[in-house]
Amino acid sequence: MTLKEKRTEWKARYEAWKQSGESVVDWCQHQEIKIHQMYYWIRQFESNSGSKQTPVAAQWFTVQVDEEAPPSGQGSVLLHFGTITVEVPPGANMDLLSDVVHVLKNQC
């Protein structure tokens, strides 16, 4: 069984448990599933920091960027992607930033 198949199987189990309304222990006993395995997968699916989460469709939004020089004293913007932080200084190359964000969304 591939990792993707295993993840799909456990995702189905996770969803079934969530919909059952039972405690993890009761549900696992009825399904004859080891409790520690279920807790492992619950952590995987509910963790926001997992880097191998099932990909979700990208959601894009429009940002209007004026070509004027930034006002003096304007600070940087920090973008957070899980455990990664990207600092975007005033006047940054927006094409490069777009490429970096795209790579991070696909890797994180």
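**Fold, helix packing and hairpin of the predicted chain**

Helices here are DSSP runs of H or I with at least four residues, strands are runs of E with at least two, and both are numbered from the N terminus. This is a predicted model, so local features need pLDDT of at least 70 and side-chain atom pairs count only at pLDDT 80 or more, while totals for chains, interfaces and linings use all residues. Residues are numbered from 1 along each chain as its sequence is written, and side-chain values use heavy atoms, with hydrogens and water left out.

Of the 108 residues, 17% are buried, where buried means under 20% relative accessible area, exposed means over 50% and partly exposed is in between (1.4 Å probe, protein chains only). Contact means heavy atoms within 4.5 Å. Among contacts with a separation of 6 or more, 36% link residues 24 or more positions apart.

On to the helices. The axes of H1 (residues 3–20) and H3 (residues 35–46) come within 10 Å and cross at roughly 95°; axes are lines fitted to C-alpha atoms, for helices over the stretch in contact, with angles from 0 to 180 degrees between N-to-C directions. The two helices are therefore roughly perpendicular to each other, a label that covers 65 to 115 degrees (under 35 is roughly parallel, over 145 roughly antiparallel, and the rest oblique). On the H1 side, the contact involves Lys6, Arg7, Trp10, Lys11, Arg13, Tyr14, Trp17 and Lys18, and on the H3 side Gln37, Met38, Trp41, Ile42, Gln44, Phe45 and Glu46. Sorted by class, that gives seven nonpolar, two polar and six charged residues. For this count, Ala, Val, Leu, Ile, Met, Phe, Trp, Tyr, Cys and Pro are nonpolar, Asp, Glu, Lys and Arg are charged, and the others, Gly among them, are polar.

The largest nonpolar core has eleven residues, including Trp10, Val24, Cys28, Ile33 and Phe45. Such a core is a set of buried Ala, Val, Leu, Ile, Met, Phe, Trp, Tyr and Cys residues joined through side-chain atoms within 4.5 Å. H1, H2 (24–31) and H3 each supply at least two of its residues, and H3 gives the most, with four. Ile42, one of the core residues, touches Tyr14, Trp17 and Val24, leaving out residues up to four places away in sequence. A second, separate core has six residues, among them Phe81, Leu97, Val101 and Leu104.

Val25 sits in H2 and is partly exposed, with a relative accessible area of 32%. Beyond its neighbours within four places in sequence, Val25 is in contact with Ile35 and Tyr39. In the loop between H2 and H3 lies Glu32, which is exposed at a relative accessible area of 74%. Its phi is near 55°, a positive value in a residue other than glycine. Most residues other than glycine have a negative phi.

E1 (residues 77–81) and E2 (residues 84–88) pair in the antiparallel sense over five bridges; pairing requires at least two DSSP bridges. Val77 stands opposite Val88, and Phe81 stands opposite Ile84. The hairpin has two residues between its strands, and Gly82 takes a positive phi near 60°.
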